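Here are my notes on the model you asked me to look through. Have it open while you read, and follow the points in order.

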Amino acid sequence: MQPSSLSGLPAGVGEALEAEGVAELYPPQEAAVEAGVVDGESLVAAVPTASGKTLIAELAMLSAIDRGGKALYIVPLRALASEKKTEFERWEDHGITVGVSTGNYESDGEWLATRDIIVATSEKVDSLIRNGAPWIDDLTCVVSDEVHLVDDANRGPTLEVTLAKLRKVNPGLQTVALSATVGNADVIADWLDAALVESDWRPIDLRMGVHFGNAIDFADGSKREVPVERGEDQTARLVADALDTEEDGQGGSSLVFVNSRRNAESSARKLTDVTGPRLTDDERGRLRELADEIRGVSDTDTSEDLADAVERGSAFHHAGLASEHRSLVEDAFRDRLIKCISATPTLAAGVNTPARRVIVRDWRRYDGEFGGMKPLDVLEVHQMCGRAGRPGLDPYGEAVLLANDADTKEELFERYLWADPEPVRSKLAAEPALRTHVLATVASGFASTRDGLLSFLDNTLYATQTDDEGRLAAVTDTVLDYLAVNDFIDRDRGGGSESLTATGIGHTVSRLYLDPMSAAEMIDGLRRAGDGAAGATGAGAGEFVRTADDDGDEPGFGTYTRAGEDGDESAAGSDSDGQMSERDSAPSSPDVTPLGLYHLVSRTPDMYELYLKSGDRETYTELCYEREGEFLGDVPSEYEDVRFEDWLASLKTARLLEDWANEVDEDRITERYGVGPGDIRGKVDTAEWLLRAAETLARDVEGVDGDVVVAVREARKRIEYGVREELLDLAGVRNVGRKRARRLFEAGVETRADLREVDKAVVLGALRGRERTAERILEHAGRENPSMADVRPDKSASAAATAGSASDGDGDGQASLGDFE
């Protein structure tokens, strides 16, 4: 079937696809067309990676737009949203407009009403519905990418409820769900009232096997000799073999999947001995330039280690990297410049990074609830293996698991190569998941009675799958009790049908996209701050468990998180040398300090806490009692072991935020807490969002005075800019950031007003003679004539700025996050 033969698409689209090289539709794509995907019919496409799922989605969206409709494309990751937006923008030549929205959960995204295709994460779509985005009613087609992630305990319930809401708002909505091959795709199709296209077809051959001894034995019965010499590393030998086996004049790249960040970094370093000698002179020059870019992203050891590996053709990839790091590595790997990436499973979650050979080195990952190293799910391993083989670039793909003995080899064949992926199961009926979605369902007007709420929940995947009809009702009633006790909803049991109404604060909590338990904790702390009291326990203390982080690090390198949530940071010890106490910084309210506010938001379910490593308990217990008067809540007894340890984990997280707001070096923070630059950015972004929500709550909640609102606002701004209080005005000027703000301040430029009046030579000296940067900053500060023509840097200002920035911030120079160099 040729694209140009399809009807129902905008003029010229079929021909454009053929010009791109799509001469014939793949079999799964053809099956989707036959199932009515271009005629507005709903569809579930459960097919392997690289088998053309995205084009199926494009055909659905473009045909919907041709009929006068609007399309929404839901992705699981922000990085994937940017990738898909770029991919879809090629249709702008055919009059199709594309928009992307992933942040600011308090916005209704009104501007998106002008776009034909909207790309967003499921969380963002959920928040848009809560905030009453009017264009939601105009949707005629929704695509859910990676829909099998409804099985994920964290993000799955949001995707599930969001799809249910969209289908209720738009009864005729075309729903196209794209999935990996799962064990029960038919159940997903039944839930969505959709046709099912299920296939194991791939455009190029994928051979899955196990390497043991001197050969790879593939599941199809074939064998490939890859001898490993005595003392030689098995992974290194497989990577070398792929690079040395030329197809179309080029060797093959490799993806190596490991179970922790630490192992990813160690593997990448070791594999430079394989990749480095195989680089051409041209590649070495281009990699040196790429390494310089990587070093410019962050002044941390992680950044330096990554750059060192990249210079020799190897790289690591995990959630602790800054997003800029990950993008640079992914782009260079797609361009075949980087020859091998050692990655945690996060790389298998949807970003387009295929390789000639995938090596699953580690098929077990630490799981605290399991009590040790737990085998990965079949679906997760198959997702990794699906990255093998690049259509149009590689003639085949190989996915290889590693065994050290014959018994393990046999186990790997039975557990993964010959096994079907697990069925997808809804995780909606857990109380933490239902808390936020029940409140949002009531506040958004999707249900106004208990019966109506249960009727709405009947449209979820959980209701389709469950054999226990009473469980969802029982958990829902428990959640309704919690929401009523915390004054988020009003319940009226008169008239035979229990009515449900969100209170004013309930509406606010829903719009802010907060877990109601987070809101209850913050409201309690803010009220006690307003009373000047020592505080009491929040209304919503959670249950905590130790877990591995998202990269599977073992104890001491994992996180301490609330039950059912995946962590994201590893942690090491902390010290306090050179640390300025917040009590020395004259907060706006005598009862509220930044540390107290950082600790308040750090103990909510919406903040992933740092893991309390062995040896940290003593350190943070001492700090806890030293600064007890700053906490907005009662310190638990040391005999309440779980609650006290959680309190200290929150304190450790708050201390990281305090370091950031006190201008401590990014490199020093990564060393002090054992985190990566991406973790710092994640903590900062989450804290800024929660403090912004706390500021709104402080204004709306009775009993909280204006001084508390001001204190929260200042604490939030210090987190946003990463500066001490005296730099807030300067750091708010566009293009300044924390590093330049400190340099300007030390040179005598202390305010935005100073930028408009001070001698330009002083500004240029403080900014190291960078004329264009100085002009942009002066322009944004409102200077009448920002030109630096004929201006020479003031040497004394430069010296003062250098001395000041080197001595402040508890380290050597300023961190790069927030700097716009």
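1. Start with Ser254, which stands opposite Arg357 in strand 14. The two strands concerned are strand 11 (residues 254–257) and strand 14 (residues 357–360), which run parallel and are joined by four bridges. Strands here are DSSP E runs of at least two residues, helices are H or I runs of at least four, and both are numbered from the N terminus. Two strands pair if DSSP finds at least two bridges between them.

2. A word on where this comes from: the model is predicted, local features need pLDDT of at least 70, side-chain atom pairs count only at pLDDT 80 or more, and totals for chains, interfaces and linings use all residues. Residues are numbered from 1 along each chain as its sequence is written, and side-chain values use heavy atoms, with hydrogens and water left out.

3. Which residues of helix 4 (residues 78–88) are buried? Leu80, Ala81, Lys84 and Phe88 are, where buried means under 20% relative accessible area with a 1.4 Å probe, protein chains only. They sit on the same side of helix 4 because they cover an arc of only 105° around the axis, taken from the directions from the helix axis to the C-beta atoms. Their cover includes helix 3 (53–66), strand 2 (70–75), strand 3 (98–101) and strand 4 (117–121).

4. If you care about cysteines: the structure holds zero disulfides, a disulfide being a pair of cysteine sulfur atoms within 2.5 Å. Cys385 is buried at 1% relative accessibility, and Cys624 is buried with a relative accessible area of 0%.

5. Finally, the whole chain. It has 32 helices and 22 strands, and 59% of its 821 residues count as buried. Among contacts (heavy atoms within 4.5 Å) between residues at least 6 apart in sequence, 71% join residues at least 24 apart.

Note on methods:
Buried means under 20% relative accessible area, exposed over 50%, partly exposed in between (1.4 Å probe, protein chains only).
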